[in-house]
Amino acid sequence: MTQISFIAILLAMGYLIARRFGQIAKTIHLAKPIHITNSKERWKRVLLLALGQKKMFEKPFVGAMHLLIYLGFILINIEILEIILDGILGTHRIFAPFLGNLYPVIINFFEILAGGVVVACVVFIARRLSKSIKRLDAASHRELQGFPVKDALQILIIELVLMSALYLMNAADPEQSFIISKHLKSWLPNENLHSIEQVAWWIHIIGILSFALYVTYSKHLHIFFAFPAVYYSNIESSAQMSDMPHVTNEVNIMLGKPGEPSNPDLKFGAQDIKDLTIKNALDAYSCTECGRCTEQCPANQTGKALSPRKIMMDTRDRMEELQKDPNSTNVLLGNYISAEELRACTTCQACVEACPIQLSPLEIILALRRYQIMEQSDAPGAWNAMFANIETNQAPWKFNPSDRLNWAKS
């Protein structure tokens, strides 16, 4: 019955996790596809930024703590394979006989790593509860109010529970003795060791499966999506704005140059998810809500409504809404992101430079602002005057181009 129960739980959780990823993938593909080149450079970025976490270490202390949790997630979970096989086959530490003396060395390493995870989680919980980091304080940033703060703390607490279950499971094993858990053996009643080990084993594996499902509804989805997001990131200079090919085409036609026939159904910029690109959608699901982008944003620093982190979170929330209700009449521009936020952006690229995994709130802002101005004709009077001057005088100022150098004559 134990094996049957385990297999049933494993299959059920596997189905729920696979279904959730399928829903997310379907939602991401509502956005427009993109064409990329230079895969060699892109894989290099994946290794440095996503796997190697190069930009995380711009803040060394936080980078080191995050690396501990990251390594713990990757390496300790190798043990899941043994737990799954034990659960299916009804065995106990199936790899121990095959690995011999190497087996305790491996588990000792996992226990040391688990200790690092515990330390890092405690540090991060303390940082959040102390409210000493302004970019993580919900009172200072409205986008963090409610679920985001709870989500961050819940993930850290779950990690602590999983590591505790690992230590308890190892400590209750009468046949094994490992570097850290052996110190807990004296606290456990000998007559109940088997029951304690079984309970800890179930808590550990069900906790891991539940964690894997919960992550798909959490900001920690970046564990999976950071890799494709970095792969599809812009490998050109971050100061280079993307052009609008259909606008270039129209200009070429007006100038008598070769071009494609005009398409009256083309839309300038983006109003909703379907007008953004798959890269923008991946960015939204990959955002860790760390707030480094908002912390560096000059508009946010001066009290403007703009928060690049909120742009990413709003985009993700809109995709989640479309997933639940494909017929929703809401749109990203207006219902989620306001004109005031878009106009506050100076396109300085600080948010892109600050992001540890090269996400770009700016690309979404530019796409929405292009729609706002070119489709809705919604721009402040000063902007319209500047646009008219550029069109007639080839400069933002209301001077005849022939008079532009008159200042040098005085």
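Colleague: What pLDDT does the protein average in this model?
Modeller: This is a predicted model, and pLDDT is the predictor's confidence in each residue, on a scale from 0 to 100. Of the residues, 99% score at least 70, and the protein averages a pLDDT of 89.

Colleague: Which element of the protein has the lowest mean pLDDT?
Modeller: Where pLDDT is low, the predicted coordinates should not be read in detail. Among the elements, helix H14, which covers residues 308–324, has the highest mean, 95. At the other end, with a mean of 80, stands H10.

Colleague: Which helix gives the most to the lining of the largest pocket?
Modeller: The largest pocket has a volume of about 1,400 Å³, and of the 41 residues that line this pocket, the closest to its centre are Ile-34, Ser-242, Asp-243, Thr-277 and Glu-363. Two or more lining residues come from each of the helices H2 (39–51), H10 (245–254), H11 (278–286) and H18 (361–374). The helix that gives the most, with five residues, is H18.

Colleague: How many charged residues are in the lining of the largest pocket?
Modeller: Sorted by class, the lining of the largest pocket has 16 nonpolar residues and 14 polar ones. The number of charged residues in this lining is 11.

Colleague: At what angle do H2 and H9 pack?
Modeller: Residues of H2, including Trp-43, Val-46 and Leu-49, meet Ala-226, Phe-227, Val-230 and Tyr-231 in H9, and by class this contact has nine nonpolar, one polar and two charged residues. H2 passes H9 in a right-handed crossing. The axes of the two helices are 8 Å apart, and the angle is about 145 degrees.

Colleague: Which helix gives the most to the lining of the largest cavity?
Modeller: A search of the whole structure finds three cavities of 30 Å³ or more, and the largest cavity has a volume of about 850 Å³. This cavity is lined by 38 residues, and Met-56, His-66, His-222, Thr-288 and Cys-290 lie nearest its centre. Among the elements that give two or more residues to this lining are H2, H9 and H14. The helix that gives the most, with five residues, is H3.

Colleague: How many nonpolar residues are in the lining of the second largest cavity?
Modeller: The second largest cavity has a volume of about 80 Å³, and of its 13 lining residues, Cys-297, Leu-306, Cys-345, Cys-348 and Cys-351 lie nearest the centre. Helices H13 (298–301) and H17 (350–354) are the elements that give two or more residues to this lining. By class, the lining has no charged residues and three polar ones, while the number of nonpolar residues is 10.

Conventions
Residues numbered from 1 in each chain as written. Predicted model: local features only at pLDDT ≥ 70, side-chain atom pairs only at ≥ 80, totals over all residues. Heavy atoms only, no water. 1 Å grid on protein atoms, 1.4 Å probe; cavity = no way out; pocket = protein on both sides within 12 Å on 5 of 7 lines; lining within 4 Å. Points joined across faces, edges and corners; volume = space filled by probe spheres on them. Helix = DSSP H or I, 4+ residues; strand = E, 2+ residues; numbered from the N terminus. Nonpolar A, V, L, I, M, F, W, Y, C, P; charged D, E, K, R; others polar. Axes fitted to C-alpha atoms, helices over the stretch in contact; angles between N-to-C directions. Left-handed = near helix turned anticlockwise from the far one by under 90°. Contact = heavy atoms within 4.5 Å.
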